[in-house]
Amino acid sequence: MPLHEVYSPRLAYRGPVIPVSNLVKFLERLQVVALNSFGKLDFDLKYYVDLSLKFDLNSTERAFDALSRSSNGSVPVEDLKSFISEYFDSAGTDMVYSDPLDFVPRPQGFLPKVENAGVRAWALEIHNYWKNLSRKVSDDIIHRPDAHTLLPLPMPCIIPGARFREVYYWDSYWIIRGLLASKMYDTAKGIVINLISMIDEFGHVLNGARAYYTNRSQPPLLSSMVYDIYLRTGDLEFVRNSLPALIKEHVFWNSGFHSVTVRKAPGGNHSLSRYYAMWNEPRPESSLLDEKLASKFVNNYDKQRLYRELASAAESGWDFSSRWMRDHTDLSTLATTSILPVDLNVFILKMELDISNLARAAGDFCLAYKFLEASLVRKKTINSIFWNSEKGQWLDYWLDNGSHKGVHTWDAQNQNKNIYASNFIPLWIESFYNDSIQMKKVLKSLRKSGLLCNAGIATSTINSGEQWDFPNGWAPIQHMIIEGLARSELKEARVLAEDMAVRWLRTNYVAYEKTGYMHEKYDVQKCGDFGAGGEYVPQTGFGWSNGVVLAFLEEFGWPEDQNIDC
C-alpha cells in the first residue's frame with residue numbers, strides 16, 4: 001500500500017508529507033553530534049543515516065543520551081567513536097557482495113564493432129566492474145528490517161558506487177543499458193524486479209532504496225528498462241508481470257500534486273507533470289546543509305517551502321542546477337515545483353509509448369490503444385507548451401505560482417529562455433527525431449547552443465557552481481541526445497551523434513587511464529578531466545558512466561586505426 005500522506009493544516013501549497021521512520025530521526029540526531037564532535041573535514045552526512053543498528057533502537061538511544069556532552073552539544077571524540085563502534089555496523093555493510101550468475105569474463109558477441117585492441121581491453125575492464133558493483137541485501141536486513149535504513153530488496157542489484165551504496169532509480173536505466181551490452185539479462189531483470197517491489201509497497205519507485213527516500217521519486221524510466229530488456233530477450237512473461245506496475249507509475253505521475261493543467265488557445269487545456277516531493281523538512285542525507293541554507297529565512301513557512309524545493313530538485317535528478325533557481329547565484333531561490341520540465345514530460349510520453357508497445361506484445365490491444373492515444377495527446381501538448389520555434393528548442397515552462405489547483409493560462413514569457421541540455425531531450429523520442437522538418441531546426445539550434453564542447457555535451461551554459469550546470473557533462477544527458485541524433489533520418493544528425501560519442505568516449509578513457517577510475521561526471525571543457533561542484537566530493541565507480549560507455553561502443557564501435565587518446 002502507498003505510504004500515508006499527512007497534509008499540512010495551514011496551506012494546501014505545503015502539500016503532502018510522508019513521514020520518515022524513528023530510526024532515520026535518531027540518525028539525524030547522531031549526524032549533528034558527530035559533526036560537532038569530529039569537525040567538518042571529510043565529513044559526509046549521508047554516512048550517518050546509512051548506519052545499521054547492532055541492537056534495538058530504544059537501547060541505542062538511551063546509550064546515546066547518556067554520553068557526556070559539552071556546552072555546544074559535542075561529545076569527546078574517543079567516546080563518540082567507541083559508541084558508534086559498539087552500537088552500529090558501518091555504512092555499506094547492510095549490502096553484501098553478490099556474484100552475478102550471468103557474468104562471464106568475455107561474453108560471446110560482446111561489442112562486435114570494437115576493432116581496436118586497446119579500446120576492447122578497456123571495455124572488458126568496464127564490463128568487469130559489474131562484478132565489483134554487484135550487491136544483495138544482507139541476511140540481517142531480512143531478519144531485522146527495523147535496524148536498517150536500507151530497504152529489503154528481493155533481488156541482487158548493481159549500485160552506482162562510492163558513497164552511493166544502494167540502488168538509485170534513474171541511474172538504473174543506464175546501468176541496465178550497459179548490462180544488456182554485457183549480455184547480463186538476468187541481472188538487468190533483477191534490477192527491474194527490485195524497482196517494481198517499491199511500487200508494490202510505496203505506490204511509486206523511490207529516489208533510492210533507503211527509508212529516507214520514501215517521500216520522493218526520480219525521473220520515471222522504469223518502462224524504458226522493461227522495454228529495452230524485452231527487445232533483447234523477447235521475454236513476454238517478464239512483460240506481463242511488469243505491466244501492472246508501469247500503469248501504477250503512470251497514475252502516480254499524472255495525479256495529485258504532480259499534475260498541472262495549462263490552458264492555451266486554441267488547443268484548450270493541457271495536462272502536464274512536474275516534480276513535487278512529499279516532504280517539507282531537511283533531507284535526512286543532507287540535513288545540516290539544508291538547515292544552513294534555510295537559516296536566512298525567519299518564517300517557518302519559508303523554511304518548509306525551501307525544504308520542499310530542495311527535495312523536489314532531488315526528485316528531478318538534477319540536484320542542483322540553475323535550471324530550478326530564480327537567481328542562479330542563490331540556491332535558496334529554488335522553485336522546482338513552479339516549473340513544468342521538458343524532460344519529465346518527455347519521459348512520461350515515452351512511458352506511454354512503451355506501455356502501448358508492451359501491451360501490444362502481450363496481446364492486450366485495448367490497453368495498447370489507450371496508451372497510444374495518450375501518447376499522441378502528450379506529444380501535441382509538449383509541442384504546444386514547450387516548443388519555441390524561434391529558438392528551435394523545447395523550453396521549460398514557469399508557472400505563475402506553485403499551486404497545483406486551478407488552471408494556469410499559458411504565457412510565452414513564462415518559457416525559460418536559458419539554454420539547458422534538457423531543452424534537447426525530446427530528441428531521444430521517436431515521436432520527435434522522426435520529424436525531419438522540426439529536427440532540422442533543432443539540429444541547427446543545438447550546434448549554436450554552446451552546449452557542444454571539446455569533451456562532450458555541457459549540462460547548461462551557466463557556470464553556477466552547482467553540479468548540474470556548466471562545465472559538467474553527465475552520462476545520461478550524452479546518451480539521450482546522442483542516441484536520438486543517431487536514430488534520425490538526417491545524415492548530418494547521425495554524423496554529429498558519432499562525433500559527440502567519440503568525444504565522450506575519449507574523455508572517459510583518458511580520465512580512466514590517468515586516475516584508474518570511471519567517474520560520476522566529467523568536465524566537458526577539457527578531454528580527460530572529471531567534474532566538480534555540488535554538495536559532495538566527486539564520486540567514482542560509476543554505474544551510469546560505465547553503462548553509457550558500453551552502450552556507445554556497442555552502437556558506434558571503434559575502428560582499429562582510430563586513436564582514443566586526447
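Analyst: A residue counts as buried when its relative accessible area is under 20%. That cut-off applies throughout this predicted model.

User: What makes W122 buried or exposed?

Analyst: Its relative accessibility is 2%. The cut-off for buried is under 20%. W122 is therefore buried.

User: Which residues does W122 touch, beyond its sequence neighbours?

Analyst: Setting aside residues within four places in sequence, W122 is in contact with L505, N508, Y509, Y512, M518, V549 and I564.

User: Which members of the largest nonpolar core touch the most others?

Analyst: W122 is one of them. F83, F88, L222, I477, I481 and L485 are also in that group, within a core of 194 residues. Helix α18, residues 491–515, supplies the largest share of this core, with twelve residues.

User: How many aromatic pairs does the structure hold?

Analyst: There are 36.

User: Why is the pair of W122 and Y509 given its geometric name?

Analyst: The ring centres are 5.2 Å apart. Pairing requires centres within 6.5 Å, so the two rings count as a pair. The planes stand at 85°. An angle over 60 degrees counts as edge-to-face, so this pair is edge-to-face.

User: What parts of the chain does that pair link?

Analyst: Distant ones. W122 belongs to helix α5, residues 117–132, and Y509 to helix α18. The two residues are 387 residues apart.

User: How do you know whether Y509 is buried or exposed?

Analyst: Y509 has a relative accessible area of 11%. That is under 20%, so Y509 is buried.

User: What is the geometry of the aromatic pair of Y173 and W428?

Analyst: The centres lie 5.7 Å apart, with 75° between the planes. The pair is edge-to-face. Y173 sits in helix α7, residues 171–181, whereas W428 sits in the loop between β14 (407–409) and α15 (430–433). The pair therefore ties together parts that are 255 residues apart in sequence.

User: What makes K350 a charge over the ring of W428?

Analyst: The charged end of K350 sits 5.2 Å from the centre of the W428 ring. K264 is placed over the ring of W410, with its charged end 3.9 Å from the ring centre.

User: How do you know that the span of α9 agrees with its length?

Analyst: Helix α9, residues 222–233, has twelve residues. At 1.5 Å a residue it should span 16 Å. Its end C-alpha atoms are 17 Å apart, so the two values agree.

User: Why is α9 called mostly covered?

Analyst: Nine of its twelve residues are buried. They are L222, S223, S224, M225, V226, Y227, D228, I229 and Y230. The elements covering them include α7, α8 (185–202), α10 (236–253) and α13 (342–362). Just after α9, G234 has a positive phi of about 65°.

User: What makes β5 and β6 a strand pair?

Analyst: Three bridges join β5, residues 95–97, to β6, residues 134–137. Pairing takes at least two bridges, so these strands pair. Their sense is antiparallel. M95 stands opposite V137, and V96 opposite K136.

User: How many bridges join β6 to β7?

Analyst: Two, and the strands run antiparallel. Since at least two are needed, β6 and β7 pair. Strand β7 covers residues 157–158, and its I158 stands opposite S134.

User: Why are β5 and β7 called edge strands?

Analyst: The open sheet has the order β5-β6-β7. β5 and β7 each pair on one side only.

User: How do you know whether S98 is buried or exposed?

Analyst: S98 has 9% relative accessibility. The cut-off is under 20%, so S98 counts as buried. S98 lies in the loop between β5 and α5. Beyond its sequence neighbours within four places, S98 is in contact with S134, R135, K136 and P156.

User: What makes W130 buried or exposed?

Analyst: W130, in helix α5, has a relative accessible area of 0%. That is under 20%, so W130 is buried. Leaving out neighbours within four places in sequence, its contacts include I158, I175, G178, L179 and N546. W130 and G178 are 48 residues apart in sequence, and their C-alpha atoms are 9.1 Å apart.

Methods:
Residues numbered from 1 in each chain as written. Predicted model: local features only at pLDDT ≥ 70, side-chain atom pairs only at ≥ 80, totals over all residues. Heavy atoms only, no water. Core = buried A, V, L, I, M, F, W, Y, C linked by side-chain atoms within 4.5 Å. Buried < 20%, exposed > 50% of the residue type's maximum accessible area, 1.4 Å probe, protein only. Helix = DSSP H or I, 4+ residues; strand = E, 2+ residues; numbered from the N terminus. Contact = heavy atoms within 4.5 Å. Phe/Tyr/Trp six-rings, centres within 6.5 Å; stacked < 30°, edge-to-face > 60°. Lys NZ or Arg CZ within 6 Å of the ring centre and 35° of its normal. Expected span 1.5 Å × (residues − 1).
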